[in-house]
Amino acid sequence: RKGRIVLTGDVPSQLAPPPLTQGLVPPRRARPWWENLFNDDFIRTMPKSIEAQIANEVDFIEDSLGVARGGSLLDLGCGTGKQAVELSRRGYKVVGFDLSISMLARAGEEAQDASQKINFVQGDMREMTFEDAFDGVYCWGSTFGYFEEEKNAQVIQRVHKSLRQGGQFLLDVVSRDFAIMQAPSLAWFEGEGCVCMDEMSVDF
């Protein structure tokens, strides 16, 4: 057949087409750990929260922020939304903000089960655009500090912008000294349909 070339054996390099990835597809950028970790599998491994524990945490959030009931609060890095739901139940207007769609889906279910209407927003805390919107902001469960120092400072600036005059920001982080006393540790526990191993050490 005219114009048809049949090659057998190894294709000489000068005749072989270049690999499809060569020069066409940019190398994949590795996603930061926090974009991958907080998925459905992670949620299955989360310890069950006791109602009394959530109530105590929310008492502390209320006392620390000093916002009158009926005020507006931002739960920054709200996760599965347990504190947000309890605060909503107590009469606050709460917005939950998180990067993880899986976490927000669970938070929405928690709110629906408790018959609470909460606005859950998906986004990166480094790019928040709220201005003078909240009487108080809280960031619970060591959800802060994942980025480089400059980016962490940028988050604080955006929180400041989101607060109304006199608003407070409550930041919950793990105590380094407490973590050191617990390390190293290895624990097995049961999650949702799975058995989990939690191994922890401190990188000094």
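The model is predicted, so local features need pLDDT of at least 70, side-chain atom pairs count only at pLDDT 80 or more, and totals for chains, interfaces and linings use all residues. Residues are numbered from 1 along each chain as its sequence is written, and side-chain values use heavy atoms, with hydrogens and water left out.

The protein contains 7 helices and 7 strands. Helices (H or I, at least four residues) and strands (E, at least two) are DSSP runs, numbered from the N terminus. Along the sequence, the order is α-α-α-β-α-β-α-β-β-α-β-α-β-β. Of the 204 residues, 34% are buried. Buried means under 20% relative accessible area, exposed means over 50%, and partly exposed lies in between (1.4 Å probe, protein chains only). The accessible surface comes to about 14,000 Å². Carbon and sulfur atoms account for 52% of that surface. Accessible areas come from the Shrake-Rupley method with a 1.4 Å probe; for residues, only the protein chains shown count as cover. Among contacts (heavy atoms within 4.5 Å) with a separation of 6 or more, 67% join residues 24 or more positions apart.

In soluble globular proteins, nonpolar side chains tend to be buried together. A nonpolar core is defined here as a set of buried Ala, Val, Leu, Ile, Met, Phe, Trp, Tyr and Cys residues joined through side-chain atoms within 4.5 Å. The largest such core has 21 residues, and L87 and Y138 touch the most other members. Helices α3 (51–65), α4 (82–89) and α5 (101–113) are the elements that each give two or more residues to this core. The largest share, 4 residues, comes from α3. A second, separate core holds 14 residues, including L76, F97, V137 and C139. Residues up to four places away in sequence aside, Y138 touches I61, L65, L73, L74, D75, L76, Q83, A84, L87, V94 and L170.

Helix α4 is largely enclosed by the rest of the structure, because 6 of its 8 residues are buried. These are Q83, A84, V85, E86, L87 and S88. Their cover includes α3, β1 (72–76), β2, α5 and β4. After α4 comes G91, with a positive phi near 105 degrees.

The structure holds 3 aromatic pairs. Rings of Phe, Tyr and Trp (its six-membered ring) pair if their centres lie within 6.5 Å; planes under 30 degrees apart count as stacked, over 60 as edge-to-face and the rest as tilted. F97 and F130 form an edge-to-face pair, at 5.9 Å centre to centre and 75 degrees between the planes. This pair links distant parts of the chain. F97 lies in strand β2 (residues 93–98), and F130 lies 33 residues apart from it, in the loop between β3 (119–122) and β4 (134–139). F97 is buried, at 6% relative accessible area, whereas F130 is partly exposed at 22%. F130 also pairs edge-to-face with F134, with centres 5.1 Å apart and planes at 80 degrees. F134 is buried at 4% relative accessibility.

The criterion is a side-chain nitrogen of Lys or Arg within 4 Å of a carboxyl oxygen of Asp or Glu. E86 pairs with R89, with the closest N and O atoms 2.5 Å apart. Both residues lie in α4, 3 residues apart, about one turn of the helix. E86 is buried at 14% relative accessibility, and R89 is partly exposed at 47%. R90 also bridges to E86, with the closest N and O atoms 2.9 Å apart. Both R90 and E86 are buried. A network of salt bridges links D59, E62, R69, E86, R89 and R90.

R106 forms a salt bridge with E192, at 3.2 Å between the closest N and O atoms. R106 lies in α5 and E192 in the loop between β6 and β7, so the pair ties together parts that are 86 residues apart in sequence. R106 is partly exposed at 24% relative accessible area, as is E192 at 32%.

A nonpolar surface patch of about 480 Å² is made by L186, W188, V195 and M197. Patches are made of residues with over 30% relative accessible area and no salt bridge: like charges are joined within 9 Å, nonpolar side chains (Val, Leu, Ile, Met, Phe, Trp, Tyr) within 5 Å. Strands β6 (185–190) and β7 (195–200) each supply at least two residues of the patch. W188 lies in β6 and is exposed, at 60% relative accessibility.
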